[in-house]
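Visitor: I have a protein structure open on my screen, and I would like to learn how to read it. Could you walk me through some features?

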Amino acid sequence: MSLKQDERNQRILRELIQLPGNRKCMDCTAKGTVAAVIDFGTFVCQTCSGIHREFGHRIKMISMATFKPEEIEKLKRIGNDNARKIWLAKWTPSDFPEPDPTRHKQIREFMQAKYVAKKWLDPAMKDAIENG
């Protein structure tokens with residue numbers, strides 16, 4: 001990838017993380033996102049990026065990684081707002097309170113329910129958003 005393309009992608013990423021829905025971590029209550037979860041097209045905080053790695057999810061740090069055009073497109077298409085419509089479609093705070101960023105065990109449990117057990121998933125919404 002050319003330097004010009006990489007600079008363009010970094011600019012797009014900086015714009016994406018400034019969108020209101022992407023400012024808050026997808027998986028906890030932390031404000032400010034520093035990483036992208038390529039598998040889900042979402043933005044997360046430092047803590048959650050490490051926990052996603054434990055699950056084997058593909059993570060890229062926004063300021064340190066080179067992103068492929070298709071990864072940028074996925075992040076633009078999905079982002080945290082659309083991901084919430086997919087993965088948290090049937091979720092309510094009474095099901096499982098959104099974890100605090102210092103509560104690693106609760107974050108793991110929340111991710112397990114959300115992404116592995118797919119407890120609150122809306123499959124039709126997932127297909128619609130991911131496939132345009």
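Guide: Gladly! Keep in mind that this is a predicted model. Let us begin with Glu7, which is partly exposed, with a relative accessible area of 49%.

Visitor: Why does Glu7 count as partly exposed?

Guide: Exposed means over 50% relative accessible area and buried means under 20%, with partly exposed in between. Glu7 has 49%, so it is partly exposed. You will find Glu7 in helix H1, which covers residues 3–18. Glu7 and Lys126 are 119 residues apart along the chain, and their C-alpha atoms are separated by 30 Å.

Visitor: Now I see two helices side by side. How do I describe such a pair?

Guide: Two packed helices are described by the angle between their axes and the distance between the axes. Take H1 and helix H4, residues 69–77: their angle is about 15° and their axes are 11 Å apart.

Visitor: Are H1 and H4 roughly parallel or roughly antiparallel?

Guide: Angles under 35 degrees count as roughly parallel, and H1 and H4 are therefore roughly parallel to each other. The crossing of H1 past H4 is left-handed.

Visitor: Which residues of H1 and H4 meet?

Guide: From H1 come Asn9, Ile12, Leu13 and Leu16, and they meet Ile72, Leu75 and Lys76 of H4. Sorted by class, the contact of H1 with H4 has five nonpolar residues, one polar and one charged.

Visitor: Which residues of H4 are buried?

Guide: Those are Glu71, Ile72 and Leu75. Look down the axis of H4: the buried residues fall within an arc of 100°, so they line one face of the helix. Their packing partners are H1, strand E1 (35–37), E2, strand E3 (59–61) and H5. Following H4 comes Gly79, with a positive phi near 65°.

Visitor: What is the story with phi for residues that are not glycine?

Guide: Most residues other than glycine have a negative phi. Here, Lys118 has a positive phi of about 55° although it is not a glycine. Lys118 sits in the loop between H6 and H7. With 43% relative accessibility, Lys118 counts as partly exposed.

Visitor: How do H5 and H7 pack, and what is the angle?

Guide: H5 and H7 pack at about 150°, with their axes 7 Å apart. Angles over 145 degrees count as roughly antiparallel, and H5 and H7 are therefore roughly antiparallel to each other. Asn82, Lys85, Ile86 and Trp87 in H5 meet Met125, Lys126 and Ile129 in H7. The classes in the contact of H5 with H7 are four nonpolar, one polar and two charged residues.

Visitor: What about helix H3 and H6, and what angle do they make?

Guide: H3, residues 46–55, packs with H6 at an angle of about 55°, and their axes are 10 Å apart. That angle makes H3 oblique to H6. H3 passes H6 in a right-handed crossing. On the H3 side, the contact has Thr47, Cys48, Ile51, His52, Glu54 and Phe55; on the H6 side, it has His104, Ile107, Arg108, Met111, Gln112, Tyr115 and Val116. The residues of the contact of H3 with H6 comprise seven nonpolar, four polar and two charged.

Visitor: One last stop: is Thr102 buried or exposed?

Guide: Thr102 has a relative accessible area of 61%, so it is exposed. Look for Thr102 in the loop between H5 and H6. Thr102 and Thr42 are 60 residues apart along the chain, with their C-alpha atoms separated by 20 Å.

Notes:
Residues are numbered from 1 along each chain as its sequence is written. This is a predicted model: local features need pLDDT of at least 70, side-chain atom pairs count only at pLDDT 80 or more; totals for chains, interfaces and linings use all residues. Side-chain values use heavy atoms; hydrogens and water are left out. Helices (H or I, at least four residues) and strands (E, at least two) are DSSP runs, numbered from the N terminus. Buried means under 20% relative accessible area, exposed over 50%, partly exposed in between (1.4 Å probe, protein chains only). Axes are lines fitted to C-alpha atoms, for helices over the stretch in contact, and angles run from 0 to 180 degrees between N-to-C directions. Angles under 35 degrees count as roughly parallel, over 145 as roughly antiparallel, 65 to 115 as roughly perpendicular and the rest as oblique. A crossing is left-handed if the near helix is turned anticlockwise from the far one by less than a right angle, and right-handed if clockwise. Contact means heavy atoms within 4.5 Å. Ala, Val, Leu, Ile, Met, Phe, Trp, Tyr, Cys and Pro count as nonpolar, Asp, Glu, Lys and Arg as charged, and the others, Gly among them, as polar. The arc is that of the directions from the helix axis to the C-beta atoms.
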